[in-house]
Amino acid sequence: MNATSTARPALDTRATVEEFLRRIGEGDPDHTAALYAEKVDWQVNWPQPSHEAVPWIRPRSTRADVADHHRTLAASSVPGQGSATIDRILVDGPDAVVIGETAQTVRATGKRFSTRFALHLTVENGLIVRHHVYEDSLSVALACEE
């Protein structure tokens, strides 16, 4: 294998992840979801698959579910009060880890949360097939509870 063939997957992965982050910033759930495969390995580090106080946390497995996740998160947040900072993107072949911090104000409670996160994405053929996020789920849940 030459250097070009081994570097190509990492370049495709990085380009896909950077485009994903750009689309998240645009706030168009369907445009963001278009970067996902039809079937997605979706996991959030919650103690259960869903949390009744946090409407955007529930099992997901399809591109349509991804769009719904982003729509529900946007509808549950106070517009203009969210932020995200990306500290680092690490890429190894088809896998990438995005490390950063995000904050939101929950519309239903007016409470704000801030959490550091690590997002593990796997890209195949230019589409995201794995989305595993690790964050401080307790701070998110507490901000969502009345």
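Before moving on, a word on the model. It is predicted, so local features need pLDDT of at least 70 and side-chain atom pairs pLDDT 80 or more, while totals for chains, interfaces and linings use all residues. Residues are numbered from 1 along each chain as its sequence is written, and side-chain values use heavy atoms, leaving out hydrogens and water.

**Stop one: the sheet**

Colour the five strands, which form an open sheet in the order E1-E5-E4-E3-E2 with mixed pairing. Strands (E, at least two residues) and helices (H or I, at least four) are DSSP runs, numbered from the N terminus; two strands pair if DSSP finds at least two bridges between them. At the edges are E1 and E2, each pairing on one side only. From one strand to the next, the twist averages 20 degrees. Axes here are lines fitted to C-alpha atoms, for helices over the stretch in contact, and angles run from 0 to 180 degrees between N-to-C directions.

**Stop two: along the pairs**

Start with E1 and E5, which run parallel and are joined by five bridges. Pick Asp41 to see its bridge partner in E5, Arg130. Next, E4 and E5 run antiparallel with eight bridges. They form a hairpin with two residues between them, and Asn125 in the turn has a positive phi of about 55 degrees. Then show E2 and E3, an antiparallel pair with nine bridges; Ile86 has Gly100 in E3 as its bridge partner.

**Stop three: helices on the sheet**

Helix H4, residues 137-144, lies across E4 and E5 and runs at about 125 degrees to E4.

**Stop four: the largest pocket**

Select Ile24, His70, Leu73, Thr102 and Gln104, which lie nearest the centre of the largest pocket among its 36 lining residues. A pocket is an open set of points on a 1 Å grid over the protein atoms alone, where a 1.4 Å probe fits, with protein on both sides within 12 Å along at least five of seven lines; lining residues have an atom within 4 Å of a point. The space amounts to about 1000 Å³, a volume filled by probe spheres set on points joined across faces, edges and corners. H1 gives the most to the lining, five residues.

Terms used:
Contact = heavy atoms within 4.5 Å.
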